[in-house]
Every structure is written in structure tokens, then in C-alpha cells.
Amino acid sequence: MERIKTIETRDLAKSLQNGGCGECQTSCQSACKTSCGVANQKCEKADK
Amino acid sequence: MIHQYKLNRYNIVLDVFSGAIHIVDDFAYDAIEMCDREGRDRLPELMTRKYKDREDITGEDIDLIIRDIDELTRQGKLFTEDIFEVNAFDLKERHTEIKALCLHVAHTCNLTCSYCFARQGNFCGEEALMSAETGKAAIDFLVARSGERHNLEVDFFGGEPLLNWDVVKEIVRYARSIEKEHNKNFRFTLTTNGMNIDDEVIDFCNREMQNVVLSLDGRKEVHDRFRKTSSGKGSYDMVVPRFKKLVERRGDRDYYMRGTFTAANTDFLKDIIHMADLGFTQLSMEPVVIRPGEPNGLTEEHLPEIFRQYEELALEMLRRRKEGRPFTFYHYMIDLTGGPCIYKRISGCGAGTEYMAVTPWGDLYPCHQFVNDPEYKMGNIYEGILNTEARDEFKLCNSYARPECRDCWARLYCSGGCSANSYHATGSIKGVYEYGCKLFKKRIECAIMMKIAEMEQDTELE
């Protein structure tokens with residue numbers, strides 16, 4: 001596509017099937033302690 | 001649902017429910033906007049009318065861009081429907097095991113920071129230190145309530161946790177002694193003001209703590225404005241050398257140099273740069289959390305300046321990255337390919353369900369920001385959760401719980417926001433702290449723009 005470049009991202013619909021293990025870090029535990037964002041959380045699953 | 005924005009010469013389109021991100025030119029940006037606003041059916045007619053006098057846009061260009069939009073829609077990367085809402089409340093039910101505790105090992109502090117949400121460490125209650133017995137019982141409680149979860153997090157918090165250092169070490173040693181038999185992996189973190197850091201603390205932390213959070217507000221005059229000892233002396237000169245030593249010896253292990261900005265330093269970019277110039281490379285700077293109307297709180301009139309600071313920060317980080325002297329900023333760390341799954345994006349921080357704060361006496365609260373609020377006392381580590389009403393309220397608190405979030409593009413990035421912020425701003429954990437939303441959305445826009453710019457930088461280097 002000439003005018004649109006799509007960058008690689010995790011497919012959220014697919015993660016409905018392969019996600020949800022619950023092993024990832026609690027969101028605000030490590031740094032901010034005053035807000036809740038999950039975008040900067042790492043997924044712990046090897047087979048995403 | 002989509003979200004479009006322009007930042008740092010990039011036209012960016014986010015497809016909310018697939019998580020896809022597109023970089024587009026002006027013409028495609030306009031076509032996608034028109035398609036979103038007026039619908040796909042009217043697109044050929046409207047585009048033809050709008051661009052009929054433009055020599056640089058032909059009918060073929062219009063056909064092509066509509067075909068591209070159709071193709072991305074077909075692939076599930078543009079205008080995707082919300083397939084998650086129907087499952088949202090079930091998703092929240094999936095895991096009710098507890099996996100993280102914030103241990104308030106010291107409800108006392110050796111600084112008297114006037115902006116502290118913990119009210120100088122005692123959370124509006126009595127000063128106290130947690131006993132080793134209570135700490136160990138909290139570890140037992142966590143192991144017993146964690147089900148199949150392997151990774152368990154324990155943050156040593158306060159007040160100032162180094163005022164109860166021997167107990168911190170004893171709790172760590174105890175947890176390590178039982179983790180194998182229970183098939184658990186403890187990840188410890190420590191949040192400290194740095195006053196009592198010495199060689200022994202450094203060695204222990206760098207061995208045992210997965211992360212350390214070091215409180216520094218930036219420039220000396222900014223840090224010393226609030227972060228004072230009981231005699232009124234600023235703490236900057238005492239803590240910076242200690243932080244430097246700890247970080248120097250920490251090697252590749254994680255830490256955060258964490259600051260707070262207030263109305264008194266809405267030019268907080270200077271403070272972040274100050275930290276970077278001191279040699280610290282893992283940085284975080286948070287907007288102050290205080291009740292509305294209190295001195296130094298942030299207001300609507302500060303927003304344009306704060307937004308400008310966030311944008312400038314992103315550009316400065318990109319410049320430094322290119323120059324080979326990068327630093328990270330907590331809110332700009334976004335992993336587009338290996339980031340959180342939809343379950344995490346919906347269920348959020350887990351306060352009150354999988355994450356709890358423990359007071360020096362062993363009482364449980366949904367998180368550290370609710371401590372000593374009688375309405376949200378959940379129970380204790382000996383008897384478990386007694387306030388099931390509060391727990392159930394938190395269980396249903398997710399990114400679909402608030403009607404105000406219904407049309408918000410950022411809800412799968414913020415996962416519904418911080419319940420404590422909502423509670424303090426609106427009186428309900430299901431309220432919306434709109435000010436925080438505005439800051440959050442700006443940071444996500446900057447973070448995504450940075451990822452795109454970094455990819456471009458890397459391509460240039462190839």
C-alpha cells in the first residue's frame with residue numbers, strides 16, 4: 001500500500017485465545033504507584 | 001473504532017479493537033477520517049467531490065485508497081468491531097487469585113514531603129513498623145492465595161521501608177526459603193527515598209530486588225521544595241550520591257528514578273533531563289496525586305504546558321537515542337508486539353482482587369492508595385477477605401465498567417484507569433478521573449509516535 005504503512009502489533013483478537021495466563025506484572029507496582037496503564041507491561045508468555 | 005492524530009510530522013491511525021497501528025499520508029488520513037465519519041458507502045462520492053479540483057489527486061488515487069481501506073477492514077486491521085465487551089465481566093472473573101502484595105513495612109518516614117499521599121508515611125493513622133512475624137504471615141497468605149500462579153510480586157513500601165530494613169531482609173529470606181517447595185518465584189521491589197541507603201543496602205537490593213524505585217524529583221531546587229527532613233532541610237544532597245552509587249553497582253538490573261511533578265514545576269522536562277544528565281537512564285515522572293483544591297495541585301490551566309512538556313520529552317528522547325545516549329521513560333515504554341494480551345488490557349491493575357496492600361498490622365486494603373480508609377478495609381492476612389462487597393466491587397471494575405469510557409479510544413491502553421484516582425476525584429471507584437485521562441491519552445500518543453520514529457531511525461541506520 002503506497003499511502004498506508006501498517007506496523008507490526010500484537011493481534012488483540014488472537015490474544016483472546018492465547019492470553020490470560022496472569023503471570024505478568026501488576027501494572028502500577030513497579031514504578032508509578034499512582035496510575036494504571038497496561039501499555040507498558042510485558043507479556044510473560046513465550047508463545048504469543 | 002479508530003483514533004487519528006498528527007504528531008511530529010506523522011499521521012497516525014490506531015485501530016482500537018485490533019490494536020493495529022497505521023502510518024498514513026495526508027490523503028489517506030483524510031479518507032479514513034471521512035470513512036469513519038460518513039460511512040463507507042458514501043466515501044467514493046464524498047472523496048470525488050472534495051478532490052475534484054486537485055490536480056495531484058486522480059480518480060485512480062481515490063479508487064486505490066478506498067480499495068486499501070476495504071482491504072485493511074477485511075483483514076481486521078481497520079474499523080474492527082468490539083468483540084471483547086460481551087466477555088468483559090467474565091474475563092475479570094478468570095483469575096481471582098492474589099499474586100501481588102504491597103507490604104507497608106514502615107508507616108513512618110524520615111522525610112516530611114508535604115505532597116505525600118501517605119501523609120508523611122502514616123496514612124493519617126498511627127506510626128508503626130511491621131514485625132517480621134506479620135511480614136512472614138503476609139508471605140504465607142500470598143502463597144496460600146496465589147493458586148497456580150508462579151510469579152509473585154512483593155513491594156516493600158511505606159512510609160520509608162529502609163526504616164525497617166532488618167525486617168525487609170528477614171521477609172525476603174523467609175520468602176526465598178519457601179518459594180521452591182511451593183513452585184513460586186518471588187519478585188521483590190523496594191520504593192525508597194534514599195536517605196538510609198548504604199553499602200549493605202545496595203548489595204542486598206542489587207542481589208534480591210528485581211526493581212528499585214528511587215524517589216528524586218529532579219533539579220535540586222525542585223526536589224528540595226517538598227522533599228525535606230523534619231528539620232526543614234532539603235534532601236537532594238543527601239540522596240543523589242547514594243542513588244548514584246546504587247545505580248552504578250546495579251549493572252543491567254532494573255531501577256526507576258521516580259519523580260513527582262506539581263503545579264510548582266510544570267516545566268518538569270527540565271527535571272527529567274536533569275536526572276538523565278546525572279547519569280540515570282531509567283526514569284519516571286508522575287503527576288502529583290492530591291485532593292482537589294490542595295496547594296500545588298494540577299489544574300486545567302496547566303494542561304497545555306504539560307502536553308507541551310510531554311511532546312518535547314518525546315522529541316528529546318528521540319534526539320538522545322540517535323546520539324547514542326538514550327534513556328527510558330516509564331510511560332513511553334510500550335511493547336507493540338510483545339505487550340499485554342486482551343485479558344490484561346481489560347482487567348487492569350488488579351487492585352482489590354489480585355493485588356492488595358498490607359498494613360504494619362496485617363490489615364488488607366485494595367491497594368496502597370486506599371490504606372486506612374475504613375470503607376475499603378478488606379480484611380486481614382490471618383482471616384482473609386472479609387469485606388466481600390468491596391472485593392466484588394473491584395472485581396467488576398474493568399475497562400468496560402464506566403459508561404464514560406464507552407467512546408474512548410484509549411480504554412484498552414489504560415484498562416479503565418486507576419480506581420484510587422477515580423475514588424479520590426469522584427467519590428466512586430467507578431468514577432472517571434478525567435484529568436488523569438487527558439494526561440494518559442497524551443502520553444500514549446507520544447509513546448506510539450516514538451515507536452514509529454524509532455523504527456524510522458533504525459531503518460536509516462541499516
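Predicted model: local features only at pLDDT ≥ 70, side-chain atom pairs only at ≥ 80, totals over all residues.
Helices here are DSSP runs of H or I with at least four residues, strands are runs of E with at least two, and both are numbered from the N terminus. Glu460(B) and Lys322(B) are both exposed, where exposed means over 50% relative accessible area, buried under 20% and partly exposed in between (1.4 Å probe, protein chains only).

## Other salt bridges in chain B

Helix α16 of chain B also holds Lys451(B) and Glu454(B), which lie 3 residues apart, about one turn of the helix, and form a salt bridge with the closest N and O atoms 3.9 Å apart. Lys451(B) counts as partly exposed because its relative accessibility is 25%, whereas Glu454(B) is buried, with a relative accessible area of 16%.

Arg42(B) and Glu45(B) meet through their side chains in a salt bridge of 3.7 Å, N to O, and they belong to a network of salt bridges that links Arg37(B), Glu38(B), Arg42(B), Glu45(B) and Arg49(B). Over all chains, the count by this rule is 44 salt bridges.

## Where chain B meets chain A

The contact (heavy atoms within 4.5 Å) involves 78 residues from chain B and 43 residues from chain A. The area buried between the two chains is about 5,200 Å², with carbon and sulfur atoms giving 55% of it; buried area is the accessible area (1.4 Å probe) that two parts lose on being put together, summed over both.

Between chain B and chain A there are 4 salt bridges, and one salt bridge joins the side chains of Asp61(B) and Arg3(A) at 3.9 Å, N to O. Strand β1 (residues 4–7) of chain A pairs with strand β3 (residues 21–24) of chain B in the antiparallel sense over 4 bridges, where pairing requires that DSSP find at least two bridges between the strands. Within this part of the model, Lys5(A) stands opposite Ile23(B) in β3(B).

## Conventions

Residues are numbered from 1 along each chain as its sequence is written, while chains are lettered from A and ligands numbered from 1 in the order in which they are written. Local features need pLDDT of at least 70 and side-chain atom pairs count only at pLDDT 80 or more, whereas totals for chains, interfaces and linings use all residues, and side-chain values use heavy atoms, with hydrogens and water left out.
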